[in-house]
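Here is a short report for a reader new to this structure. Take a look at the model before reading on.

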Amino acid sequence: MRLTVTTWNINSVRLRIESVLRFLREEQPDVLCLQETKCPDELFPLKAFKGSGYENIVFAGQKGYNGVAIVSRFPLLTRDVMRFCERADARHISAVLGPEAGPAAGIVLHDFYVPAGGDVPHRDLNPKFAHKLDFLSELRAWGGRRVSGPAILVGDLNVAPLEHDVWSHKQLLDVVSHTPVETEALETLRGEAGWIDAARLLTPEPEKIYTWWSYRSPNWELANKGRRLDHAWVSPDLAGTVRKVAVFRAARGWEKPSDHVPVTLSLEL
């Protein structure tokens with residue numbers, strides 16, 4: 001069985017619902033995990049997803065900010081939301097694939113939206129950066145306890161951890177998302193918990209991988225100053241099933257695009 005799980009920071013699910021539906025029609029992943037939905041729960045576009053054949057949906061949202069959702073072809077047995085830094089700010093949701101998923105049944109899906117951290121990479125000068133570091137610290141504590149059994153963790157983790165996850169390692173060392181304190185925190189928590197970075201498992205450095213291109217660039221495609229902020233990790237027992245991690249770069253050129261593009265993990269179970 002081929003299981004495909006896509007992660008995409010959509011930057012407003014209602015504003016870009018047509019792009020989401022287009023992606024679902026064209027690529028037909030089994031599961032779509034969204035971040036930054038910017039949508040309170042009562043306004044989530046359930047009918048649009050169900051009309052596209054995705055009947056199984058869990059979400060956690062709030063007005064104007066953050067928000068996560070899991071949209072699935074297969075039934076989802078649970079809906080769990082974790083709070084970090086004592087905030088109910090809709091940055092995590094998880095679910096378990098039901099028996100109808102066949103060999104994929106029982107896999108736990110985690111969808112995360114890590115704080116961006118603002119522009120100043122200094123804890124004492126920037127409360128947003130302090131929040132990001134605290135979030136990563138709590139995620140580290142959780143990750144070491146929880147990874148047991150088959151699981152997939154995806155999302156906009158807002159960190160490009162490796163040298164070739166950014167267009168210029170040297171120029172971005174003091175830019176939020178690639179500072180040493182962030183990259184070390186993310187790689188430490190991943191390693192301690194045993195998560196496998198699926199993209200780098202198949203495409204090791206020094207090959208560049210980008211999933212995000214800034215809105216500030218007048219010509220994002222020509223400049224190609226990207227970063228790998230969107231990740232797909234698997235538990236060790238799924239490492240041998242990873243077949244592909246595809247970055248759907250074309251979506252960055254669609255009308256009214258998100259600055260992130262879909263990233264699809266494919267497993268052979």
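## Pockets

A pocket is an open set of grid points, on a 1 Å grid over the protein atoms alone, with protein on both sides within 12 Å along at least five of seven lines. Its volume is the space filled by probe spheres set on the points. This model is predicted.

The largest pocket holds about 1000 Å³ of space. Its lining counts 32 residues, and the closest to its centre are Y113, A116, G117, G118 and N158. By class, this lining has twelve polar, eleven charged and nine nonpolar residues.

## The second largest pocket

How much volume does the second largest pocket have? The figure is about 150 Å³. Residues that line this pocket include R2, T4 and T6, along with F23, E27 and P29. K244, A246, F248, T264 and S266 line it too.

Which elements each supply at least two residues of this lining? They are strand 1 (2–9), helix 1 (17–27), strand 12 (242–247) and strand 13 (263–268). Strand 1 gives the largest share, three residues. By class, the lining of the second largest pocket has four nonpolar, four polar and three charged residues.

## Helix 1

Several residues of helix 1 are buried: I17, S19, V20, L21, F23 and L24. F23 also lines the second largest pocket. The buried residues of helix 1 pack against strand 1, strand 2, helix 2 and strand 13. Just after the helix comes Q28, which takes a positive phi of about 50°.

## E36

E36 sits in the loop between strand 2 (31–35) and helix 2 (46–50). Is E36 buried or exposed? E36 has a relative accessible area of 14%, so it counts as buried, the cut-off being under 20%.

The side chain of E36 makes a polar contact of 2.9 Å with the side chain of N9. Leaving aside neighbours within four places in sequence, E36 is in contact with N9, I10, N11, S12, N66, G67 and Y113. Y113 is also among the residues closest to the centre of the largest pocket.

## S52

S52 lies in the loop between helix 2 and strand 3 (56–60). Its relative accessibility is 29%, so S52 counts as partly exposed. The side chain of S52 reaches the backbone oxygen of A48 at 3.2 Å.

How far apart are the C-alpha atoms of S52 and D119? They are separated by 38 Å, and the two residues are 67 residues apart along the chain.

Definitions and conventions:
Residues numbered from 1 in each chain as written. Predicted model: local features only at pLDDT ≥ 70, side-chain atom pairs only at ≥ 80, totals over all residues. Heavy atoms only, no water. Helix = DSSP H or I, 4+ residues; strand = E, 2+ residues; numbered from the N terminus. Buried < 20%, exposed > 50% of the residue type's maximum accessible area, 1.4 Å probe, protein only. Polar contact = N/O pair within 3.5 Å; in protein donor to acceptor, adjacent residues only side chain to side chain. Contact = heavy atoms within 4.5 Å. 1 Å grid on protein atoms, 1.4 Å probe; cavity = no way out; pocket = protein on both sides within 12 Å on 5 of 7 lines; lining within 4 Å. Nonpolar A, V, L, I, M, F, W, Y, C, P; charged D, E, K, R; others polar.
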